[in-house]
Amino acid sequence: MKRKIPPFMEIYKSLIKIPTISSTNKSIDQSNKNFIDLLSNYLSDLKFSIKIDQIPNTNKFNMLACMGTGCGGLLLSGHSDTVDFDENTWTKDPFILTESNNKFYGLGTVDMKGFFACILEVLSSINKKKIKKPIYILSTANEETDMSGAKYFIESNIIQPDCIIIGEPTSLELINAHKGHVSYSIEVIGRTGHSSNPDDGINSIEIMHHIIEYLIDFKKYLKKKYQHKKFSIPYPTVNLSSIHGGDAINRICSLCTLNFEIRPIPGLTLTQIEILIQEKLQSIILKWSSRIVIKKLFSAVPAFECSHKNNTLKKIETLCKLNSKTVNYCTEAPFFEKIAPTLILGPGSIAQAHQSDEYLDSFFIEPTKNILNKLLYQFCY
Ligand SMILES: [Zn+2]
C-alpha cells in the first residue's frame with residue numbers, strides 16, 4: 001500500500017518548523033493557523049474529515065479531524081501551541097528539529113508536537129476499512145495561556161467519544177488526576193497622609209496585615225478539611241506570592257497589593273474557593289468594603305480526576321498494563337472531562353517541557369506507537 005503522508009521524521013520536522021508561540025505578551029503571541037493547516041492537510045491526506053474553528057476574537061484555531069461514523073470512539077488530543085523561548089539559553093535552533101544522542105531537540109518537541117508526529121505515524125498504517133467507531137484527532141489553541149481553545153471546543157462541541165487521551169508528556173505514565181490552579185490579587189486602597197499624624201490617613205499595609213492573617217487561617221483550614229492521598233502534597237496549597245505597598249518613609253501607605261495562588265485538589269471546586277475566600281474575609285470586607293478589591297488573576301484551571309469508579313480508567317489500566325498516577329501540573333483535562341472520561345498519557349518527560357533545548361527522548365517513540373495502536377483497537381475496532 002502506498003504511504004499517503006511523508007515519513008515520521010519529515011512530518012516531525014515540519015511540525016517543529018512552524019512557530020506557534022502562545023503568550024500573554026501580545027507582541028510575542030502568534031497565530032497557530034499555519035500549524036493547524038499543515039496538520040489538517042496530513043490528516044485529510046489520510047482521509048479524515050476536518051473541522052477548523054476559530055476561537056472568537058482571536059487569530060487562533062482548533063482543529064477536529066474525524067474518521068468513521070456513529071457514536072463513541074476515541075479522541076486523541078494535543079495542544080498546537082508552545083511557550084516562548086529565550087534565544088540566549090538555547091544552544092540549538094528551536095525551529096529546526098535536531099537529532100542528537102537519541103534525542104529530538106526543538107521547541108515543542110516534547111510539549112507536545114511529538115505526540116502528533118506519533119499519531120500520524122500510527123494512522124498512516126491502520127486498517128481504515130475495519131473501523132467501527134470514530135477516531136477523532138483534536139488540536140487545540142492557547143493551552144499555554146488561557147486554555148481558550150479547550151474551553152471553546154467544549155462550548156461548541158457536538159461529539160461524545162467513549163474516551164479522551166491528552167498526549168501531554170507523562171513519560172508514558174497514565175495520569176488520572178491533577179490539582180487545579182487559581183490566583184488572586186487583593187488591593188487595599190487606603191488614604192495617604194503625613195506619617196507624623198496617623199489619623200490623617202488610612203494605612204493600607206495595616207489592613208493588609210489583617211487580610212494576611214485571615215488567609216493564613218484559610219490555608220490551615222484547607223489543609224485540615226481537604227485531603228487526597230494520591231497526591232504527594234495531599235491537600236490544597238495556598239501561597240502568598242508577592243506583596244507591594246508604600247513609597248516614602250514619611251508617608252502613610254495608600255495602596256497595598258497582595259497576589260496569592262491556590263492549588264485545589266479534586267473535590268474542591270473553583271466556586272467553593274471563591275465562596276470560602278469571601279467567607280473568610282467577610283468581617284474585614286464589611287469593615288472596609290469600598291477599600292478592598294479582590295480580582296482573579298490569569299485564567300483558572302479546576303482540579304481534575306477520572307476516578308476508579310470509571311470503567312474506562314480500569315479498561316486502560318489493564319490494556320496498557322499501567323497503574324494510574326497523579327501529577328502537579330495542569331492540563332485541559334478538567335474541561336474535556338465534561339464530555340467524556342479523560343486521561344493523560346503521552347511521550348517524553350514533563351521535565352523537558354518549557355525548558356531551553358527542549359527535547360523528546362527517542363526511546364519513547366516505539367512504546368507510544370504501541371500504546372496508540374492498542375487504544376485505537378480497543379475503542380474504534
Ligand atoms: Zn503541554
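**View 1. Helix H3 passes helix H10 in a right-handed crossing.** A crossing is right-handed if the near helix is turned clockwise from the far one by less than a right angle, and left-handed if anticlockwise. The model is predicted: local features need pLDDT of at least 70 and side-chain atom pairs pLDDT 80 or more, while totals for chains, interfaces and linings use all residues. Residues are numbered from 1 along each chain as its sequence is written, and side-chain values use heavy atoms, without hydrogens and water. The axes of H3 (residues 109-123) and H10 (residues 365-380) come within 9 Å and cross at roughly 60°. Axes are lines fitted to C-alpha atoms, for helices over the stretch in contact, with angles from 0 to 180 degrees between N-to-C directions. H3 and H10 are therefore oblique to each other (under 35 degrees is roughly parallel, over 145 roughly antiparallel, 65 to 115 roughly perpendicular, the rest oblique).

**View 2. An open sheet has 4 strands in the order E10-E11-E9-E12, with antiparallel pairing.** Strands pair if DSSP finds at least two bridges between them; helices (H or I, at least four residues) and strands (E, at least two) are DSSP runs numbered from the N terminus. E10 (237-245) and E12 (292-301) are the edge strands, each pairing on one side only. From one strand to the next, the twist averages 15°.

**View 3. Strands E9 (residues 181-189) and E11 (residues 255-263) pair over 8 bridges in the antiparallel sense.** Tyrosine 184 stands opposite phenylalanine 260 in E11.

**View 4. Helix H5 (residues 204-225) lies across E9, E10, E11 and E12.** Contact means heavy atoms within 4.5 Å. H5 runs at about 10° to E11.
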